[in-house]
Amino acid sequence: EDHSLPLVVLKIVLPGGYLHDPKDLSGQAWLVSEMMGESAGGKSALEISEALRLTATQLSVSVGRTETTVTLSTLKDNLTEMLPYFVSTVLTPDFREDDWQRVLKQSQNAQLQSLKDPSSLASGYSAGFLYGFDHPWGRIWNGTAGSLSRQDRQKAQKWHQQRLTAGKVKFIASGDVDPLELSTQLDLEF
């Protein structure tokens, strides 16, 4: 709790990062994190983006080795309005087919581009040489051409829903926020 600036930062940390990708589906956690940043709660990615822009709010999703983190940064006065966007990003990403195809195509194009960049090649494959390409630490976190071509939207969505288990999801709040007031707001949203 810090009232020196009217800024609130909320984070939800979900279990499941790229080390949890199935052996033949490297890049799944990455794709799911990208889909969480698209349409959610029945609102299109453009609608969400516009709401964020109008309130100078940042909403991001990032994937790590063992976790996925959703972060909301907003002015205190906008928290009540922006909280539903934060919650829907976590609980109800839409996984729309058009979003899936676009995100998948972007990921495949990025993978092809990385094959032309010596620095990307070295960083992408170095863990595989160190740990072995079959070891979870040796897999390419954002997928390969082969693993991306095998991704399935429904399976990715199911994987996301299965990790939303009470006790495994961690919540962090900081800034100009009263813990009891926020707890009440979150109880209403979750």
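Trp137 is partly exposed, with a relative accessible area of 36% (partly exposed sits between buried, under 20%, and exposed, over 50%, using a 1.4 Å probe and protein chains only). This is a predicted model, where local features need pLDDT of at least 70, side-chain atom pairs count only at pLDDT 80 or more, and totals for chains, interfaces and linings use all residues. Residues are numbered from 1 along each chain as its sequence is written, and side-chain values use heavy atoms, leaving out hydrogens and water.

**Aromatic pairs**
- Rings of Phe, Tyr and Trp (its six-membered ring) pair up if their centres lie within 6.5 Å; planes under 30 degrees apart are stacked, over 60 edge-to-face, and the rest tilted.
- By that rule, there are six aromatic pairs.
- One of them is Phe86 with Phe171, edge-to-face at 6.5 Å centre to centre and 65 degrees between the planes.
- That pair links distant parts of the chain, 85 residues apart: Phe86 is in helix H3 (residues 79–91) and Phe171 in strand S4 (residues 170–175).
- Helices (H or I, at least four residues) and strands (E, at least two) are DSSP runs, numbered from the N terminus.
- Phe86 is buried at 0% relative accessibility, while Phe171 is partly exposed at 34%.
- Trp137 pairs with Tyr131: the ring centres are 6.0 Å apart and the planes at 45 degrees, so it's a tilted pair.
- Tyr131 is partly exposed too, with a relative accessible area of 44%.
- Tyr18, Trp30 and Trp141 form one aromatic cluster.
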